[in-house]
Amino acid sequence: MNLRILLVVLSCALSAVTGLVLSRHHAEPARDSAARTRPLIGLSMDTLKEERWLADRDLFTARAKELGADVTVLSANSDDARQVNDVQSLITQKVDALVIIPHDGAAMAKGVALAHEAGIPVLSYDRLITGCDLDLYITFDNVKVGELQARFIADRLPAGGKLRLVRIYGAPTDNNARLFKQGQDNILQPLISAGKIEVLHEDWAEDWRPENAKKIMNAAITKLGREFDAVLASNDGTAGGAIQALTEAGVAGKIIVTGQDADLAACQRIVNGTQTMTVYKPIKLLATQAADLAVKLAKRRPLIALSATANGSIDVPSVLLDIVAVTKDNMRETVIKDGFRAEVDVYREAR
Ligand code: GAL
């Protein structure tokens, strides 16, 4: 069988696998961009306010450069109208592919529609864009993130008693926040029904802001005094806000507190005992694999996406990456061994 026939068979097989990723929207790159020797990728970000997104940006850009592509980055500072404008200006720059980290997964369906009108494929990064025929999605197993956080608490029920829980969810605009909660509920619900866990206070932290999480924690302390055992915080930023309130109430270190992202401050809190766990998400893997996919999209090359995620319109071809729970007991074997955090930084303030 000669090569051309093999390639045709392969691309047919691949387009079947990738859910028609390429054939539907995307003719060859636009004429101007065709003149470009290096593909240009547009990266539209929700915010650069949190530690992890700075790492995502830098790791993604570095890998794309390694692959001979250029990246132009815009950050919308958690403003939906601004993020749609950002996407519009990246389209005007005739990028060959778009990578979007949506502030609001539903609001960015408009951005995907604008990109497709211009024949530009879109990769949704970490957070899902819903309600549109998105081309590709790469993220971590976000439901499992929530399950690991809740299982950590479920494994620490007080002997013979009921665990009294405060829950701090993420941004209601972020589809991930709902997936984390879904994972948490998968573990908690049976224990709540069995009367082993009671949720005494819960709320959503607007834009994942630590200060909003602190407000939620203060409201819980005002209502409950010290009569609670654990705080199920959905990421390290919100855990940090909650721990500030716990510190002011004099109970930091006495209350179980979960997190996510393995922020440096969170790793330090875990070895110091004010935070109890976090979930490490190997961002380097996410950012480099996303860059590989984005460059292939930009060059209209076949690609493999072995999973699919329903976004309310279609089953989006998806790449899902694994994660690991981190405590003071496996800090060295996980985030430090992976080079994500330096031992000297994590243990700098260790008591
Ligand atoms: C989520 C992301 C988390 C967390 C949060 C706040 O979408 O998956 O890692 O950082 O946003 O930015």
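Trainee: Which residue in strand 9 does A230 stand opposite?

Mentor: In general, strands of a sheet pair through backbone hydrogen bonds, either parallel or antiparallel. Here A230 stands opposite I256 in strand 9. Strands (E, at least two residues) and helices (H or I, at least four) are DSSP runs, numbered from the N terminus. Two bridges join strand 8 (residues 230-233) to strand 9, and the two run parallel; strands pair if DSSP finds at least two bridges between them. This is a predicted model, where local features need pLDDT of at least 70, side-chain atom pairs count only at pLDDT 80 or more, and totals for chains, interfaces and linings use all residues. Residues are numbered from 1 along each chain as its sequence is written, and side-chain values use heavy atoms, with hydrogens and water left out.

Trainee: In what order do the four strands form the open sheet?

Mentor: The order is 7-6-8-9, with parallel pairing. At the edges are strand 7 (197-204) and strand 9 (256-257), each pairing on one side only.

Trainee: Which strands does helix 8 touch?

Mentor: Contact means heavy atoms within 4.5 Å. Helix 8 (residues 210-224) packs on the sheet and touches strand 6 (163-169), strand 7 and strand 8. Helix 9 (residues 236-248) also packs on the sheet, touching strand 6, strand 8 and strand 9.

Trainee: How do the residues of the lining of the largest cavity divide?

Mentor: They divide into three nonpolar, three polar and seven charged. Nonpolar means Ala, Val, Leu, Ile, Met, Phe, Trp, Tyr, Cys and Pro; charged means Asp, Glu, Lys and Arg; the others, Gly among them, are polar. A cavity is a set of points on a 1 Å grid over the protein atoms alone where a 1.4 Å probe fits but cannot get out, and lining residues have an atom within 4 Å of a point.

Notes. Axes fitted to C-alpha atoms, helices over the stretch in contact; angles between N-to-C directions.
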